[in-house]
Amino acid sequence: MLRENTLTQSIQTEALLSDKKDYNMEDLTFVLFGATGDLAKRKLFPALYNLFLEGKMPESFSVIGLGRREWSHEFFREKIAESLELYSRRDVQEELLPKFLNHFQYCALDVTNPAAYEHLHAMIRQGEETKATSGNRLFYLSVAPNFIELIAENLNRAGLNQTTGWRRLIIEKPFGTDLQTARRLNKKLSEAFDEVEIYRIDHYLGKPMVQNLASLVFANPAVGSLLDLKKISNVQITASEIVGVETRADYYDHAGAIRDMVQNHLLQLVMMTALHLPETITADEISMKKIEVIQSLRPIKQDEAYRDVIRAQYDAGEINGEPVIRYLDEPGVEENSKNDTYFAARLHIDNDAWRDIPFYIRTGKRLDKKSTRIVFEFKNPVRESLPAEETVPNLLILEINPHEGITLRLNVKDESSEFFQPAYINFTKPSDNLADAYELLLFDAMLGNATFFAHWNEVELSWQWIQPLLEAFENNQVPLHTYPAGSTGPKAADDLLKQDGFAWW
């Protein structure tokens, strides 16, 4: 959002070690819990590798991968090399690969065994002494949510969080499963780390378009003029997926879209969209501004949730010409599951800026396309003097994923038509070598920049807003609709906007 454009651009260049830049990166030991897992393979190892190629890793760093499997250092490095071949956005540089892999070690660890952490601590200290580093430690917990509290407690008990350098902890969502469990988790984490040392990662905040939302307005007066709030009729935020539950049924069938996507990703996008900030501002000030937005989010009462919230579950259908089974037939899903795979809601931000402008959010699995976008729909006073079919509303569309770009929709009349026709002005950023969100976020965490990580106050306030909806879902106070796989979602979601005279874009 407020990152200088040169930084985003430099992430996308082809600079190798010979073009090393000075980012004041301090040496560190990177302790990765869950190093044998899918996230490490697909995202974390490729992110570290691309940062290494760009000279954005410190001169001295050590990565200790942890997992339950009994692997040797050599076998671990072979697995990392395989992941780079499959998932790195850049081709593997054979002449540089050994130097990169030499920074990695492996340690088999049963996270439930407190005594095992003593061995890990000795391994870390030995590496710090051998390389004469300053004791900076970054712990990344890429593990199942039920292990996070236990690991934090054991890190504290074994003294791994006591060091002569800085210490930081990165954790993946979900940050709890409801308000009560989120508070309990935060209490446990706070016993081992200070709030400024806890980096709650939300990869949506790593998307360059999301990070540049406010500076986009600041650096482009034309866009700022377009986003005159007096001229905006509504804002729509969509995060749609083609994929189904896949292999995540054990987690997803108890989480649903509301926990998996809404409490974190979508509410973070709401906060970021509603910000209007100057060019320079600190991470703490950004967090305070986001907190002000979420505090202004009008609560939806449990017994009134059905008026503003739509939940649904995908039925059998067809995607890309292939038949798709219904959610209830997915492996691992409970036979009579009432879990939501789709969520839509009408929101109101009760502050002076946004009070009269509704926000609509939606997310779902097995929809017609993969897309994350923010759409600003403008008021259309021309419709008062022309038939409705002759003009369409102007739109400003910010594409976040899978492509990044900006689109402006206008009304244009040419000589061959007596009616106005929609015309589009597009800017799309090439996506073939776009930096992954994890690269930007890992780089920030190593620098100690918490701007695009979720502060506890944001997380707690998000859960407070979500909690009545969870209880309404649990008590079946919001109808569970169905929608065909491959569609845009349930009809009820379309009707929600029709009530206000709008439609989804």
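Guide: A charge sits over a ring if NZ of Lys or CZ of Arg is within 6 Å of the ring centre and within 35 degrees of the ring normal. This is a predicted model, in which local features need pLDDT of at least 70 and side-chain atom pairs pLDDT 80 or more, while totals for chains, interfaces and linings use all residues. Residues are numbered from 1 along each chain as its sequence is written, and side-chain values use heavy atoms, without hydrogens or water.

Visitor: OK, which residue lies over the face of Y252?

Guide: That is K365, at 5.2 Å from the ring centre, and R168 likewise lies over the face of W166, at 3.6 Å from its ring centre.

Visitor: Switching to ring pairs, how many aromatic pairs are there?

Guide: The count is 21, where rings of Phe, Tyr and Trp (its six-membered ring) pair if their centres lie within 6.5 Å, with planes under 30 degrees apart called stacked, over 60 edge-to-face and the rest tilted. For F52 and F100, the centres are 5.2 Å apart and the planes at 50°, so this pair is tilted.

Visitor: And where do those two sit?

Guide: F52 belongs to helix α2 and F100 to helix α4, 48 residues apart, so to speak distant parts of the chain.

Visitor: What about F76 and F104?

Guide: Their ring centres are 6.3 Å apart with planes at 65°, so the pair is edge-to-face, and it links helix α3, which holds F76, to strand β3, which holds F104.

Visitor: Which cluster do the ring pairs form?

Guide: They link F45, Y49, F52, F61, W71, F75, F76, F100, F104 and Y106.

Conventions: Helix = DSSP H or I, 4+ residues; strand = E, 2+ residues; numbered from the N terminus.
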